[in-house]
Amino acid sequence: MIAIPVPSPIGGTGRATWYDATRNNAWYTRGGNRMYGAVGNWRWGDTPYDVIVTNVQKGISIRIVITDYCEACANGKNLIDLSPEAFMALGVPLSRGVQWVMITKTGGRYGIESVLRGNPSHCKRLGAGIC
């Protein structure tokens with residue numbers, strides 16, 4: 001699969017922070033998904049999609065599913081908000097809080113099944129055909 005860079009405001013290079021959506025039982029964590037992220041142009045009802053996030057300093061890349069809105073990303077402060085597991089998978093301790101990353105859109109549906117599995121009504125509304 002060839003990676004396609006995501007157009008602004010999602011693509012490119014910028015600050016990544018982390019947040020824990022399991023604390024509020026977010027719909028996209030109920031199926032066991034722990035590799036998720038939030039960006040500034042996500043809107044409720046959008047179909048989840050996956051991206052590759054690369055730690056620019058260490059060269060470590062991970063694949064996550066975009067499932068949420070990030071206000072700090074919408075206003076340009078951050079590029080992406082990552083789950084704790086995704087943030088640490090980039091080789092960064094949570095205590096650091098911020099990491100410089102690059103985002104690349106894959107065009108794929110990696111991990112979407114685990115996201116939707118925890119919320120059948122959302123899955124049915126999206127017509128995912130995997131529920």
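Which residues does Ile64 touch, not counting residues up to four places away in sequence?

**View 1. Contacts of Ile64.** Ile64 touches Met35, Tyr36, Gly37, Tyr49, Asp50, Val51, Val53, Ile80, Leu82 and Ala86, where contact means heavy atoms within 4.5 Å. This is a predicted model, in which local features need pLDDT of at least 70, side-chain atom pairs count only at pLDDT 80 or more, and totals for chains, interfaces and linings use all residues. Residues are numbered from 1 along each chain as its sequence is written, and side-chain values use heavy atoms, with hydrogens and water left out.

**View 2. The largest nonpolar core.** A nonpolar core is a set of buried Ala, Val, Leu, Ile, Met, Phe, Trp, Tyr and Cys residues joined through side-chain atoms within 4.5 Å; buried means under 20% relative accessible area, exposed over 50%, and partly exposed in between (1.4 Å probe, protein chains only). The largest core has 18 residues, of which Val53, Ile64, Ile66, Ile80 and Leu82 touch the most other members. Apart from it lies another core of nine residues, including Tyr19, Ala26, Tyr36 and Cys73.

**View 3. The disulfide between Cys70 and Cys73.** The S to S distance is 2.3 Å, and a disulfide is a pair of cysteine sulfur atoms within 2.5 Å. The torsion about the S-S bond is about 75°, so the disulfide is right-handed. Cys70 is buried at 3% relative accessible area, and Cys73 is buried at 7%.

**View 4. The salt bridge between Asp50 and Arg63.** The closest N and O atoms of this pair are 3.4 Å apart; a salt bridge is a side-chain nitrogen of Lys or Arg within 4 Å of a carboxyl oxygen of Asp or Glu. Asp50 is buried, with a relative accessible area of 0%, whereas Arg63 is partly exposed at 26%.
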